[in-house]
Amino acid sequence: MRMGRKYISFILIFFLSFLGGSLCYHFGLRFLPDSDQVNALFEAQDMVQGNILLKGWVNSPDNFWLIDLLGMVVLLKVIPDPVTVLHVLPALWWGGIVAVACSLARGGMHSQSWLCLLPVMAFIAVVPLYEQAALAFITYTPYHIGTMFVALLGVMAAGRVMEGTGGKGAQCCLFLLASIIFISDPFAVCCFVMPACLVSLWRVWTGSNPAGGVRCFVLLVLAGVVAMAIKTGIRMEGGFHSHHAPARFQPLPELEGSKNL
């Protein structure tokens with residue numbers, strides 16, 4: 001009976017993941033690539049030709065190097081049409097997000113009921129059916145969708161590290177995923193790494209499995225240090241640079257034609 005419920009949950013997770021990814025791909029065909037997507041595609045094509053460190057390229061802090069760009073590189077090896085790659089990649093990311101969200105909703109493999117998957121189906125898997133604003137976001141890449149997939153995997157790994165149930169494998173996964181995030185997209189530093197650090201410190205403070213909290217915190221800090229060293233090495237080797245683009249608002253009196261307002 002228990003094995004039957006396990007297989008039911010697995011089949012539902014696979015179905016919802018396939019449904020979410022398929023809907024993302026189908027509705028994403030309505031959107032034409034924008035300049036950000038084309039720029040990322042050119043970078044990926046340069047990586048395919050051997051410029052792995054993207055020498056000569058200047059990016060924003062969210063360079064997506066080890067997430068979307070690497071994903072495009074893999075797809076370009078098997079899909080000859082670059083425009084198709086721009087539609088397939090976000091669909092794969094979204095399908096992955098649905099699958100990981102389902103697993104988190106079940107509480108790992110220990111939950112007995114598949115009913116907890118229903119909220120995931122209602123609010124994540126079928127988003128493209130009813131929310132057009134979200135549709136525009138999830139069907140583009142690189143727009144943090146792949147980052148959220150990596151972050152959710154990190155949440156799973158961090159949970160196992162804190163509980164002490166994942167062993168060395170979970171610790172290696174957490175370190176690797178956090179390193180990818182630190183290198184590629186600071187967005188997930190705010191939505192995953194910092195909350196995970198706070199939860200780890202809270203575990204230590206409250207005495208709720210403090211050893212797991214210390215382990216998780218140390219791994220996240222170490223990942224940040226290693227990522228900084230890697231990015232420094234990339235710059236020293238002449239690879240891509242990540243620059244901040246500070247916003248500056250033009251005062252109203254300096255705007256052309258403002259005197260006529």
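**A tour of selected sites**

Start by selecting arginine 203, which counts as buried because its relative accessibility is 17%, below the 20% cut-off. The model is predicted. Glutamate 163 counts as partly exposed, at 44% relative accessibility. The salt-bridge count comes to one.

Next, select residues 210–236, helix α10. At 1.5 Å a residue, the 27 residues of α10 should span 39 Å, and the end C-alpha atoms are 39 Å apart, which agrees. Now colour the buried residues of α10, among them Gly212, Cys216, Leu219, Leu220, Ala223, Ala227, Lys231 and Ile234. Which elements do the buried residues of α10 pack against? Show α3 (65–78), α7 (145–163), α8 (167–184), α9 (187–206) and β2 (241–242) to see these partners. Following α10, select glycine 238, which has a positive phi, near 85°.

Move to the loop between α2 (35–48) and β1 (58–59), where asparagine 51 is placed. Asparagine 51 is buried, with a relative accessible area of 15%. Leaving aside neighbours within four places in sequence, asparagine 51 is in contact with Asp46 and Trp57. Leucine 54 also lies in the loop between α2 and β1. Although leucine 54 is not a glycine, its phi is positive, about 55°. At 0% relative accessibility, leucine 54 counts as buried.

Continue to the loop between β1 and α3 and select phenylalanine 64. Phenylalanine 64 is not a glycine, yet its phi is positive at about 60°. Its relative accessibility is 6%, so phenylalanine 64 counts as buried.

Then select threonine 141 and proline 142, which are joined by a cis peptide bond with omega about 10°. Proline 142 sits in the loop between α6 (132–138) and α7. Most residues other than glycine have a negative phi, and most peptide bonds are trans.

Select Ile8, Trp114, Leu115, Leu118 and Met121, which make a nonpolar patch of about 420 Å². Isoleucine 8 belongs to helix α1 (residues 2–28). Is isoleucine 8 buried or partly exposed? At 39% relative accessibility, isoleucine 8 counts as partly exposed, since that class lies between the 20% and 50% cut-offs.

Technical notes: Residues are numbered from 1 along each chain as its sequence is written. This is a predicted model: local features need pLDDT of at least 70, side-chain atom pairs count only at pLDDT 80 or more; totals for chains, interfaces and linings use all residues. Side-chain values use heavy atoms; hydrogens and water are left out. Helices (H or I, at least four residues) and strands (E, at least two) are DSSP runs, numbered from the N terminus. The expected span of a helix is 1.5 Å times one less than its number of residues. Buried means under 20% relative accessible area, exposed over 50%, partly exposed in between (1.4 Å probe, protein chains only). Contact means heavy atoms within 4.5 Å. Patches are made of residues with over 30% relative accessible area and no salt bridge: like charges are joined within 9 Å, nonpolar side chains (Val, Leu, Ile, Met, Phe, Trp, Tyr) within 5 Å. Accessible areas come from the Shrake-Rupley method with a 1.4 Å probe; for residues, only the protein chains shown count as cover. A salt bridge is a side-chain nitrogen of Lys or Arg within 4 Å of a carboxyl oxygen of Asp or Glu.
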